[in-house]
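User: Hello! I would like to learn how to read a protein model, one feature at a time. Could you guide me?

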Amino acid sequence: MTPNTNATKLSTTIIEPPSPNQHTHTIVFLHGRGDNAKNFARSLAYSTSSTGQTLMQHFPSARWVFPSSELRPSARLANTFGGGMTSQWFDTWDVQNLSYREELQMPGLGESVASSLDIVHEEVNLQGGAVIMHCLLNLATPKDVSRIGGVMGFSCRFPFPGRTLNEARKIVGAWQDGDEDGLIRNTPVLIEHCLDDPLVKVDTGRQVRDVMTGFGAQVTWREYETGGHWISSPQGVDDAVAWLGEHTDLNYSSPNS
């Protein structure tokens, strides 16, 4: 797999398996707006399954890669202290209404898709195995493989709703007309959302589910009464562990065992 030489190389926080010889899979996990890789990786320690284990503990053979987004200007905060520079994968005027001034999303999404895919390329070349990716930027995926391990989304939004897959890809400069959609159809998707999410309303998550299903993805949808703008613990962690165990050949300890 060949990386994009024009993409910005992102800094990453990496959690290796306890033993280097154990490495079988890589999980690339993207943080939310305003966060960073180090803080995000630490926060996962507070989300545990019904057996009190973190995702990393359930999957000891996985290498966890946490990229940090670039600092990008926020149009809405342009007149504030610091010029509105924010850690974000793409800019948006209203996080609860991505359709309003949606042109603000285009530059950051294009750059972030390219940079994130480079990390996927590097990890596949390193391991030669499946890559599991939690990604809000699933408009583009590696085009020279038939499937990645899976896509997980927690409290997600989908940019440019109402477009076809190719239309959305072209907006961010991902793929062109005629590109295959087989990878999306072959790659399982898990989307989890909490009903009490105050930032990204659950209807927005249901929209992601419907859009991805319309693109032909194999979507598993889970929603929870509580959990806010995060993974619902412990049930959401249990469900993520079970889903990864079902759809990949990762060695893991089941919360139900």
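Analyst: Gladly! Let us begin with pairing: two strands pair if DSSP finds at least two bridges between them. Helices (H or I, at least four residues) and strands (E, at least two) are DSSP runs, numbered from the N terminus. Here, seven bridges link strand 8 (residues 188-194) and strand 9 in the parallel sense. This is a predicted model, where local features need pLDDT of at least 70 and side-chain atom pairs count only at pLDDT 80 or more, while totals for chains, interfaces and linings use all residues. Residues are numbered from 1 along each chain as its sequence is written, and side-chain values use heavy atoms, with hydrogens and water left out.

User: Which residue of strand 9 stands opposite leucine 190?

Analyst: That is threonine 220.

User: How do I read confidence?

Analyst: Look at pLDDT, the predictor's confidence in each residue, from 0 to 100. The protein's mean is 80, and 82% of its residues reach 70 or more. Strand 9 (residues 218-224) has the highest confidence, at 96, whereas strand 6 (residues 131-134) has the lowest, at a mean of 51. Where pLDDT is low, the predicted coordinates should not be read in detail.

User: Is aspartate 91 buried or exposed?

Analyst: Buried means under 20% relative accessible area, exposed over 50%, and partly exposed in between (1.4 Å probe, protein chains only). Aspartate 91 counts as buried because its relative accessibility is 8%. You will find aspartate 91 in the loop between strand 5 (85-87) and helix 3 (106-127). Contact means heavy atoms within 4.5 Å; leaving aside residues up to four places away in sequence, aspartate 91 touches Arg33, Pro73, Ser74, Ala75, Leu104 and Gln105.

User: What is the phi of serine 155?

Analyst: Serine 155 has a positive phi of about 55°, although it is not a glycine. Serine 155 sits in the loop between strand 7 (150-154) and helix 4 (165-171), and is buried, at a relative accessible area of 7%.

User: Which two residues does a cis peptide bond join?

Analyst: Serine 233 and proline 234, with omega about 10°. Proline 234 belongs to the loop between strand 9 and helix 7 (235-247).
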